[in-house]
Amino acid sequence: MTIASSNMSLHSFLRRVERSRSSVLLLDYDGTIAPFRPDRFRAFPYPGVTELLCEIMETGRTRVAFVTGRRAHDLPPLLDLTPVPEIWGTHGRERLNSDGSYQRQAVDKETLEALYQADLWVDSIQLHHLAEHKSGSLAVHWRGLSDKEAYEIRHKVLLGWLPIADRACLTIEHFDGGVELRPADCSKADALRAILAEVPLEAPVAYLGDDEPDERVFDALRDRGLRVLVRPHWRATAADVWLRPPAQLLEFLSDWLDATRTTSLEQSCGPSPVTARKEDMVRASEMNEPAASDAR
Ligand SMILES: [Mg+2]
């Protein structure tokens, strides 16, 4: 079974997973394995995803880890996976391991003061109910609101945040359904680099993401792993493969599971660079019927 039949890079990557003793499957959460919901605490994975991830983990041949902008502890109740997979939260600032151990990078005083000022601004424009407070960052969400409302909220928030970010050298990052203020020295790409430092060079690595912040991970994974864009609609991306959720996502995970169940292991598998074939990906996707999606 193939997902995009004309994209040989995906096929060859899964062959590497099949032949390797260990592999790494990295996943963003919101918009990637879970459809967006106005209430982010009810954004559960697409049906079938949790079961496939559980089976992949049980093979003992794939390290499954989430890299998310959410707080790390937000995910276990939503995932309902046992054991809890490794979770890198708040863009890599937090690390929650399967054994329950937890690490968090410290936030310096200047950043804390800037975030406090940014929070006061959100209060002053009466948008506190849309704010999400995390370790070392502050986000404002507008998911579920009209385009006009989202535009007005974004404008008001940035009016106060831009000078604060400028003074404190913080970054303002837009994501699908909101905006976030946080230090520039910590990103999902940093989490990826930390994970890669812990795995054998020959281990196949894939990262699945949907949003603009995931593009940094795609850039960091260039020439090292498979970069998979998961979203209902195409957009410009550095990714190698585009999957429409949930059908093609489930198919990908199912193929991964099949690859890790194989008994024809080889001693080693040399690196096989994944080459981007975006034209083929687009063409292949256009040939397929859009997957039924409850993404929004
Ligand atoms: Mg996402």
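## Helix α4 and its packing

The buried residues of α4 pack against β6 (131-134), β7 (137-141), α5, β8 and β9 (178-183). Helices (H or I, at least four residues) and strands (E, at least two) are DSSP runs, numbered from the N terminus. A residue is buried if 20 or more other C-beta atoms lie within 10 Å of its own, exposed if 12 or fewer, and partly exposed in between, with C-beta atoms placed from the backbone. The buried residues in α4 are Ala-114, Leu-115, Ala-118 and Val-122. They cover an arc of only 100° around the axis, so they lie on the same side of α4; the arc is that of the directions from the helix axis to the C-beta atoms. Lys-109, Tyr-116, Leu-120, Asp-123 and Ser-124 are exposed on the other side of α4.

Helix α4 covers residues 109-124, and its 16 residues should span 22 Å at 1.5 Å a residue. The expected span of a helix is 1.5 Å times one less than its number of residues. The end C-alpha atoms of α4 are 23 Å apart, which agrees. Just after α4, Gln-126 takes a positive phi of about 60°.

## The model and its confidence

This is a predicted model, in which local features need pLDDT of at least 70, side-chain atom pairs count only at pLDDT 80 or more, and totals for chains, interfaces and linings use all residues. Residues are numbered from 1 along each chain as its sequence is written. The pLDDT is the predictor's confidence in each residue, from 0 to 100. Its mean over the protein is 87, and 86% of the residues reach 70 or more. Over residues 1-8 the pLDDT is below 50, and this stretch has 22 contacts in the model beyond near neighbours in sequence. The pLDDT is also below 50 over residues 267-296, a stretch with 52 contacts in the model beyond near neighbours in sequence. Two residues are in contact if their C-beta atoms, placed from the backbone, lie within 7 Å.

## Overall make-up

The protein has 9 helices and 12 strands. Of its 296 residues, 42% are buried. Among the contacts with a separation of 6 or more, 64% are between residues 24 or more positions apart.

Glu-55 lies in helix α2 (residues 49-58). Glu-55 counts as partly exposed because it has 15 C-beta neighbours inside 10 Å.

Strand β10 (residues 205-209) has 5 of its 5 residues buried, so it is largely enclosed by the rest of the structure. Both faces of the strand are covered, with Val-205, Tyr-207 and Gly-209 buried on one side and Ala-206 and Leu-208 buried on the other.

β10 pairs with strand β1 (residues 23-27) in the parallel sense over 4 bridges; two strands pair if DSSP finds at least two bridges between them. In this pairing, Leu-27 stands opposite Leu-208 in β10. β10 also pairs with strand β11 (residues 226-230), again in the parallel sense and over 4 bridges. Here Ala-206 stands opposite Leu-226 in β11. From β10 the chain crosses through helix α7 (residues 212-220) to β11, and this β-α-β crossover is right-handed. A crossover is right-handed if, with the strands pointing away from the viewer, the path from the first strand over the helix to the second runs clockwise.

The loop between α3 (75-79) and β3 (86-89) contains Pro-83. A cis peptide bond joins Thr-82 to Pro-83, with omega about -5°. Asp-80 is found in the loop between α3 and β3 as well. Although Asp-80 is not a glycine, it has a positive phi of about 55°. Asp-80 counts as exposed because it has 12 C-beta neighbours inside 10 Å.

A positive phi, near 55°, also occurs at Cys-169, a residue other than glycine. Cys-169 lies in the loop between α5 (147-168) and β8 (170-175), and with 12 other C-beta atoms within 10 Å it is exposed. Another cis peptide bond runs from Pro-245 to Pro-246, with omega near 0°. Pro-246 lies in the loop between β12 (241-243) and α8 (247-261).
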